[in-house]
Amino acid sequence: VGVGTSRLWPAPRSRVGAARLQARDRWNTCEIKIQEILADLARDGSIGTDAFHELMHSDLIRSLNEERPLDDKEISFALRMARLGALPRLSFADVHNGLRAWHGGRSLD
């Protein structure tokens with residue numbers, strides 16, 4: 001955490017409403033499935049952009065997006081957020097960061 005910044009911690013489950021609990025549980029379940037997909041796509045712990053696009057077009061990601069496929073702009077945003085390290089391959093952590101950024105931004109709309 002940098003100077004002048006602080007980490008925002010998630011509110012405890014006991015302090016959020018039913019809709020927020022449902023959204024959290026849905027995301028947590030999807031995170032587990034995403035890890036399973038990544039394990040299938042990448043034996044060495046990283047994936048290329050083709051595999052990232054394959055993941056972003058999966059039924060799992062579509063289910064997070066109200067059954068609507070992601071458009072090119074959404075996928076590009078998630079990939080930019082995942083590529084903050086500018087490496088040719090994306091680690092699982094990179095992919096996770098990109099997905100969280102996309103999902104968080106989508107959830108704010």
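Biologist: At what angle do helix 1 and helix 2 pack, and how far apart are their axes?

Modeller: Helix 1 and helix 2 pack at an angle of about 145°, and their axes lie 11 Å apart. Helices are DSSP runs (H or I, at least four residues), numbered from the N terminus. Axes are lines fitted to C-alpha atoms over the stretch in contact, and angles run from 0 to 180 degrees between N-to-C directions. The model is predicted: local features need pLDDT of at least 70, side-chain atom pairs count only at pLDDT 80 or more, and totals for chains, interfaces and linings use all residues. Residues are numbered from 1 along each chain as its sequence is written, and side-chain values use heavy atoms, leaving out hydrogens and water.

Biologist: Which residues make the contact between helix 1 and helix 2?

Modeller: Helix 1 contributes Ile34, Ile37, Leu38 and Leu41, while helix 2 contributes Ala51, Glu54 and Leu55. Contact means heavy atoms within 4.5 Å.

Biologist: Why is Glu31 called buried?

Modeller: Buried means under 20% relative accessible area, exposed over 50%, and partly exposed in between (1.4 Å probe, protein chains only). Glu31 has 18% relative accessibility and therefore counts as buried. Glu31 belongs to helix 1 (residues 18-41).

Biologist: What makes the buried residues of helix 2 line one face?

Modeller: The buried residues of helix 2 (residues 49-56) are Ala51, Phe52, Leu55 and Met56. Seen down the axis of helix 2, they fall within an arc of 140°, so they line one face. The arc is that of the directions from the helix axis to the C-beta atoms. The face turned away from this buried side carries the exposed residues Asp50 and Glu54.

Definitions and conventions. Helix = DSSP H or I, 4+ residues; strand = E, 2+ residues; numbered from the N terminus.
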